[in-house]
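Reader: I have a structure open and would like to learn how to read it. Can we go through some features one at a time?

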Amino acid sequence: MIDNHILAPVFIHLFTAIVQLIAWRKTVTQRFLGVGGTFIGLLIAIRLFTKVYEEGTLHLNASNWESPFGIVFVADMLSATMVLLTSIAGFAVAIFSSTGISRQRMLYGYFPIFHFLLMGLNGAFLTGDIFNLYVWFEVVIISSFVLMTLGGRKTQLEGAVKYMAMNILASTFFLTGIGILYGITGSLNMADLALKIKLIENQSLVGITSIFFLIGFGIKSAVFPLYYWLPSSYHTPPSAVAATFGGLLTKVGIYAILRVFSLIFIPDEFTKNLFMVMAVLTILTGSFGALIKSNIRRMFSYLIVCHIGFMLGGIAMFTKLALMGTIFYLIHDILVKTNMFLIAGVIRQLRGTLNMPKLGGLYHHYPMISLLIALVLFSLVGIPPLSGFWPKIYLFQSAFFDRQFFFVGALIVGSLATLYVIANMWSEVFWKKTPQDVEVDDKFKDLAPFKKILLILPILILCSVTLYVGLNAENIIQVVDRITNELLDTSSYLQTVLGDKAFRP
Amino acid sequence: MELLLVAVIGLLYAAGVYLILRRSMVKLLLGIMLLGNATNILIFLLGNITKGKPPVMDANHNIFQDIYADPIPQALILTAIVISFALTAFAIVLLKRVYALVDTDDLDNLTTPEEEDI
């Protein structure tokens, strides 16, 4: 069904960014616009989600060029869910940024760039054209480069070099893949590609092309052995930026893998095994990395890598149960990882450092904030009935049915490592007494009450959404079930985009 | 013509990969640029390089009867060039700033231990 409102989540952020550019150097106006723009974006995303949920997949042909000739935008359940989660995370980060980002960074245009980033993310989720996906990816990475370097501290710039080099390389791989794919099929429309790719005689060339896509998306989503840029750059930018990156950017890679490998390249035995090996090693290296880090944000960076492996393993099995686990984990992960980095920002405000040996006594001084943080940590670890628990059940169950015992082992190691580092963090940061020789630099105490609320409210929002996901898992499972059915049986997607052409021989 | 382009593409990819494996930041940048250009030429090659065959249809026909030069890859390259231009511009400024701060061109020396943030 054609619906022009699909593009609203993209345009709201473009519009907000432009208005903020007009209000250049007026940081108060920009803050209000930022929170207001993301709030309207959230309402639009909710509306899009309910519409897709009720009416099925929507699509829009840009300039009325009939697909497969023009660029097409498609909102199916997966896209709508991702847009909704992006908007929730974006709203929370925008509130946090209004006090968590220094005034210098706002003067250099933090807010407009943040909105361009959200625009790129929403565009990437909604497009149905593979080259358009590349363009949205570029919008995302150029915005993220600016956000990463904004402020210009030495460590930031050093992290940015690694981040930039690897991301440009990923785009090059992706573009090469697109080029070859266009050469062998003559199409860029994802639905059209899905039909044409089956008719190619030289299927080994198709397999090689899929590896280009896998490397490109693999670098972006930080899977083994392509993730080394992530832990060496994600701890450098301000916490609000790190929250956006940690929560959303790696998940775009997972979304792209899900989309491309369910629609265009259906995984064969070789690809599945490759995915599985990568997933197991991602989990193991990520969790071992997290074990040895004493800086909270470096530890979280490794946890991102570890949990990407959980999702990739689900894709590797490519059964209904496994994909349900992957998508549920994706939903849970976006909310929790964004929240974790916001929490790191609050801890930094409370104590002036993120180095665990120098921290301590937070529970004694701030019991309410600590309890709120504890809830988030519990759902990250996956204590039942919180949100991290349900997807793991699916992943374990499908791994047993599929007899992937290495993956089961990796899941157990990964979950235990997560539990261990979080328990360690809890005792170091919250329960331990503040070390005697450390001077406490509590910026939070002197903040105006309104600013305190602005720092805590986003964590509260994300935490309540996580609680909703965990406690009302049956509603989420219905959504996840529909997404999985759409991924495994793409005929409704093809029918929506191509119309009757989809089933003509 | 095709054969020449294929050779150029192979050369550019090889040189690009070699350069990004070096330690120097400037060579990293050059390598990334070469890889980008190699990809652009690859896409160009895939659009049927034929002389004097514009994608214009004869008035008497409804479909193309002959091989024609595909215009879409050229549109794709144009987009990719604009994007890589912006990325390269950003990368040059970034590397210049890093050089000014760290005072070295060696990627191995980018290891300042991190403490401050926010």
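Reader: Is A:Asn64 buried or exposed?

Author: This is a predicted model. A:Asn64 has 8 other C-beta atoms within 10 Å, so A:Asn64 is exposed; 12 or fewer is the cut-off for that word. A:Asn64 sits in the loop between β1 (58–61) and β2 (72–75) of chain A.

Reader: What is the phi of A:Asn64?

Author: Most residues other than glycine have a negative phi. A:Asn64 is not a glycine, yet its phi is positive, about 60 degrees. A:Phe318 belongs to the loop between α12 (296–317) and α13 (320–351) of chain A.

Reader: Is A:Phe318 buried or exposed?

Author: A:Phe318 counts as buried because it has 21 C-beta neighbours inside 10 Å. The cut-off for buried is 20 or more.

Reader: Which residues are joined by cis peptide bonds?

Author: Most peptide bonds are trans. In this model a cis bond joins A:Phe224 to A:Pro225, with omega about -5 degrees. Another cis bond joins A:Pro384 to A:Pro385, where omega is about 0 degrees. A:Pro225 lies in the loop between α9 (203–221) and α10 (239–263) of chain A, and A:Pro385 in the loop between α15 (367–381) and α16 (389–401) of chain A.

Reader: How many residues does α15(A) have, and what span should they give?

Author: α15(A) has 15 residues, which at 1.5 Å a residue should span 21 Å. The expected span uses one less than the number of residues. The end C-alpha atoms of α15(A) are 21 Å apart, so the span agrees. Just after α15(A), A:Gly382 takes a positive phi of about 95 degrees.

Reader: Which residues of α15(A) are buried?

Author: An α-helix has 3.6 residues a turn, so residues three or four places apart point the same way. In α15(A) the buried residues are A:Ile369, A:Ile373, A:Val376, A:Leu377, A:Ser379, A:Leu380 and A:Val381. They pack against α13, α17 (405–431) and α18 (449–471) of chain A.

Reader: At what angle do α13(A) and α15(A) pack?

Author: Two packed helices are described by the angle between their axes and the distance between the axes. For α13(A) and α15(A) the angle is about 140 degrees and the axes are 10 Å apart. The two helices are therefore oblique to each other, and their crossing is left-handed. From α13(A) the contact uses A:Val336, A:Asn339, A:Met340 and A:Ile343, and from α15(A) it uses A:Ile373, A:Val376, A:Ser379 and A:Leu380. By class, this contact has 6 nonpolar, 2 polar and no charged residues.

Reader: Where is A:Thr466 found, and which residues is it in contact with, leaving aside neighbours within four places in sequence?

Author: A:Thr466 is part of helix α18 of chain A. With those neighbours left aside, A:Thr466 is in contact with A:Leu335, A:Val336, A:Val376, A:Ser379 and A:Ser387. A:Thr466 and A:Val376 are 90 residues apart along the chain, but their C-alpha atoms are separated by 7.8 Å. A:Thr466 counts as buried because it has 23 C-beta neighbours inside 10 Å.

Reader: How many residues of chain B are in contact with chain A?

Author: The size of an interface is often given as the accessible area lost when the parts come together. Here we count residues: 29 of chain B are in contact with 32 of chain A. On the chain B side, α2 (25–45) and α3 (72–102) each supply at least two residues. The largest share, 15 residues, comes from α3(B). By class, the side of chain B that touches chain A has 22 nonpolar, 4 polar and 3 charged residues.

Conventions: Residues are numbered from 1 along each chain as its sequence is written. Chains are lettered from A and ligands numbered from 1 in the order in which they are written. This is a predicted model: local features need pLDDT of at least 70, side-chain atom pairs count only at pLDDT 80 or more; totals for chains, interfaces and linings use all residues. Helices (H or I, at least four residues) and strands (E, at least two) are DSSP runs, numbered from the N terminus. Axes are lines fitted to C-alpha atoms, for helices over the stretch in contact, and angles run from 0 to 180 degrees between N-to-C directions. Angles under 35 degrees count as roughly parallel, over 145 as roughly antiparallel, 65 to 115 as roughly perpendicular and the rest as oblique. A crossing is left-handed if the near helix is turned anticlockwise from the far one by less than a right angle, and right-handed if clockwise. Two residues are in contact if their C-beta atoms, placed from the backbone, lie within 7 Å. Ala, Val, Leu, Ile, Met, Phe, Trp, Tyr, Cys and Pro count as nonpolar, Asp, Glu, Lys and Arg as charged, and the others, Gly among them, as polar.
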